[in-house]
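Dear colleague,

Please find the structure below, handed over for your own work.

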Amino acid sequence: MLYGLLLNLLFILVGIFLQHLWAEKTGNDHSKIVITVVTAVTIILCILLQLDHSFIQDLKFIPFIIGSLYGGIFVSILLFIIMLLVYLFVYGLTSTFIPFFLIFGSVGLACGLLSPRFFKWTMTKKLQAMVAFACLVPLFMFFFMNDHQIDSYHTVFLLITPVIAMIIVGYIMEAMRETVSLRQQIIKAEKSEVVSQLAASVSHEVRNPLTVTKGFLQLVLESEDLPLEKRKEYIRLALEELDTASNIINDYLTFAKPAPAYWELLDIGIHLKHIEDIISTYAHMNSVRIESELVSCVIQGNKQQFHQCFLNITKNCIEAMPDGGVLTIYTSIFQKHVLIQISDTGIGMTKEQLNRIGEPYFSTKEKGTGLGMMVVYSIIKAMKGTIAISSNLGQGTTFTIRIPIAVPR
Ligand code: ADP
Ligand code: MG
């Protein structure tokens with residue numbers, strides 16, 4: 001019996017790991033379809049594996065509770081139906097069917113209805129709820145459908161194992177969900193880091209046009225015998241400078257503003273130009289010249305993420321050229337993919353550094369976060385693209401990004 005229970009537990013854990021792997025891959029840990037499929041398969045396996053034992057002695061209610069709590073009421077109803085069908089198929093319409101129906105129906109309903117609130121709880125509270133449900137089900141089953149003669153030793157055993165199993169399963173489930181959400185938080189935190197770093201260069205760059213505007217306006221105010229023509233000319237120049245300042249702020253704000261993460265069609269020509277505009281103030285401050293050749297070509301992605309990704313790369317390139325240099329952005333189309341090559345003429349990297357780039361917290365800079373390239377990798381992966389980096393110490397670095405072109409619909 002213990003062997004069967006352990007086997008049950010193994011299947012449940014494998015299911016959770018698979019679900020976690022999927023969440024890591026897609027970055028979506030609330031996928032109801034995945035939760036439903038994984039828990040449904042585990043439930044079926046749990047029932048089939050314990051066939052030669054009593055019906056009570058399997059752990060099928062653990063994936064059932066997990067699926068209902070994490071998936072919500074619809075998943076819970078679906079799992080319930082699947083479980084009924086498997087029950088009928090395996091055991092037929094026996095006398096225990098009605099209690100079975102009632103127990104799992106009410107527990108499923110309770111879990112499903114609790115689900116929206118469940119997500120807001122702390123880990124301890126979640127675990128308590130899961131364990132409480134895991135105790136309830138076998139207790140009810142003993143009361144209502146104890147058709148086998150199980151002695152008291154086994155009764156205790158059958159009540160304790162679900163609790164232990166539930167604690168293990170619930171803890172692993174929560175710990176894994178935490179890592180996925182932590183990674184998403186890092187992406188957000190890194191963005192605010194970039195936002196605050198760029199803010200310095202933006203405020204610096206905005207000050208210039210404002211000073212010029214102020215100068216012209218003072219000139220107009222103070223010299224009273226200025227001809228009308230000259231007066232108009234000065235005001236026009238002042239307005240132009242104000243436009244420049246407002247453009248810089250606008251560019252920066254579109255990047256800094258939080259936006260919903262939906263997918264859209266992006267023309268890389270337009271968006272890379274936009275990135276060039278945002279980064280140009282920063283480049284200017286570091287005496288870096290930007291050269292670019294941009295083709296127009298449509299890919300699929302999220303605008304904000306696209307901006308963040310290429311800002312991180314170009315910002316690194318500029319930072320790699322402390323004494324100035326050239327930043328090149330070159331695009332071309334090759335085999336249904338767009339190739340974006342970004343090169344700098346900076347300090348370059350050693351082989352060891354090149355191997356570690358993209359690792360979280362790997363940074364050679366005093367004030368570096370070491371998260372920029374990690375974010376780049378995850379965004380490019382989400383766009384189904386690839387990135388290759390080549391670098392020569394003292395000569396510069398080239399980033400080559402390949403992203404599939406969106407198929408026109
Ligand atoms: P950070 O910029 O905060 O240090 P990143 O993840 O953006 O973190 O970059 C990690 C490290 O990769 C940098 O510290 C730097 O050593 C290296 N690196 C990234 N881009 C370049 C580049 N263009 N040239 C040289 N080194 C680079
Ligand atoms: Mg960086």
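**Aromatic pairs and the ligand site**

The structure holds 13 aromatic pairs, counted where ring centres of Phe, Tyr or Trp (its six-membered ring) lie within 6.5 Å. Phe97 and Phe101 form one that is tilted, with 6.2 Å centre to centre and 45° between the planes; planes under 30 degrees apart would count as stacked and over 60 as edge-to-face. Both residues belong to helix α5 (residues 97-118), four residues apart, about one turn of the helix.

This is a predicted model, in which local features need pLDDT of at least 70 and side-chain atom pairs count only at pLDDT 80 or more, while totals for chains, interfaces and linings use all residues. Residues are numbered from 1 along each chain as its sequence is written, chains are lettered from A and ligands numbered from 1 in the order in which they are written, and side-chain values use heavy atoms, with hydrogens and water left out.

Around ligand 1 there are 19 residues (a heavy atom within 4 Å); Asn316, Ser363, Thr364, Lys365 and Thr369 come nearest. By class, this shell has eight nonpolar, nine polar and two charged residues, with Gly counted as polar.

Polar contacts (N or O atoms within 3.5 Å) to ligand 1 include these:

- Thr364: a polar side-chain atom lies 2.4 Å from a ligand oxygen.
- Ser363: a side-chain N or O atom is 2.6 Å from a ligand oxygen.
- Asp344: a polar side-chain atom lies 2.8 Å from a ligand nitrogen.

Taken alone, ligand 1 exposes 530 Å², of which the protein buries 94% (Shrake-Rupley method, 1.4 Å probe).

Notes: A polar contact is a pair of N or O atoms within 3.5 Å; within protein, one must be able to donate a hydrogen and the other to accept it, and residues adjacent in sequence count only if both atoms are side-chain atoms. Helices (H or I, at least four residues) and strands (E, at least two) are DSSP runs, numbered from the N terminus.
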